[in-house]
Amino acid sequence: MTTPAPGSPARTTADAVLRPMRWWDVAAALPLERALFPADPWTARSFWSELAGIPETRYYLVAEDPTDGTLVGYAGLRAVAREADVQTVAVRPDRQGTGLGARLLDALLAEARRRGCSEVLLEVDVDNAAAQRLYERAGFTRVSVRRGYYGPGRDAAVMRRRWGGEVAP
Ligand SMILES: CC(C)(COP(=O)(O)OP(=O)(O)OC[C@H]1O[C@@H](n2cnc3c(N)ncnc32)[C@H](O)[C@@H]1OP(=O)(O)O)[C@@H](O)C(=O)NCCC(=O)NCCS
């Protein structure tokens, strides 16, 4: 776990409770989405569309502060047949570096395994060192680069996590 910066409150992942994301969480997710992804934030319609997707193909979680119920993070997975994609992982800035991103990602990966997926893919901005570190720590490796994926001059790294030839439980 990362040590909080001097003067910042000592937070641990135990300060957040994970639960399924529901449509009524979208209003609280939007300000965080705009703050964390200012260049191309998801809209309410984007979230609703994901949450309205066939339940067997989607898995969205929120992390909330158990003391006041405020939303401190969210993450989403798309899983079709044996392949899954991490759609998003987001942690409120004051909770970043406490292990919450890793906890959300672990929950997505566990669900992908539970659903029988043998690999999980994602795109991440090549300049987003924090996210790439998070994914590397979870066993993802870079498989390619998509030029201009996020717009002119903004490339995405495609990363993949595979589970050998084992049969998922
Ligand atoms: C990426 C993000 C989800 C990580 O969440 P987090 O709660 O801060 O991550 P964790 O505390 O679980 O840390 C996981 C790893 O990432 C590393 N990390 C976290 N913040 C970092 C930063 N600013 N710079 C470099 N590495 C960082 C941690 O050091 C840790 O690695 P370690 O165990 O080797 O120390 C969070 O920074 C975030 O919401 N960023 C904005 C949205 C975003 O970019 N999402 C990903 C889109 S693809």
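A nonpolar core, for today, is a set of buried Ala, Val, Leu, Ile, Met, Phe, Trp, Tyr and Cys residues joined through C-beta atoms within 7 Å. Keep in mind that this is a predicted model.

Let's start with the core. The largest one has 36 residues. Within it, Y74, L104, L108 and A112 have the most contacts. Several elements each supply at least two residues, among them α1 (26-36), β2 (58-64), β3 (71-80) and β5 (119-125). The biggest giver is α3, with six residues.

Now Y74. Which residues does Y74 contact, leaving aside neighbours within four places in sequence? They are M21, A29, Y60, L61, V62, A63 and A90.

Next, α3 itself. This helix has 15 residues. From first C-alpha to last, α3 reaches 21 Å, close to the 21 Å expected at 1.5 Å a residue. Its buried residues are L100, G101, L104, L105, L108, L109 and A112. Here is the helix rule. An α-helix has 3.6 residues a turn, so residues three or four places apart point the same way. Just after α3, G116 takes a positive phi of about 90°.

One link to take away.

Key
Residues numbered from 1 in each chain as written. Predicted model: local features only at pLDDT ≥ 70, side-chain atom pairs only at ≥ 80, totals over all residues. Helix = DSSP H or I, 4+ residues; strand = E, 2+ residues; numbered from the N terminus. Expected span 1.5 Å × (residues − 1). Buried ≥ 20, exposed ≤ 12 C-beta atoms within 10 Å, placed from the backbone. Contact = placed C-beta atoms within 7 Å.
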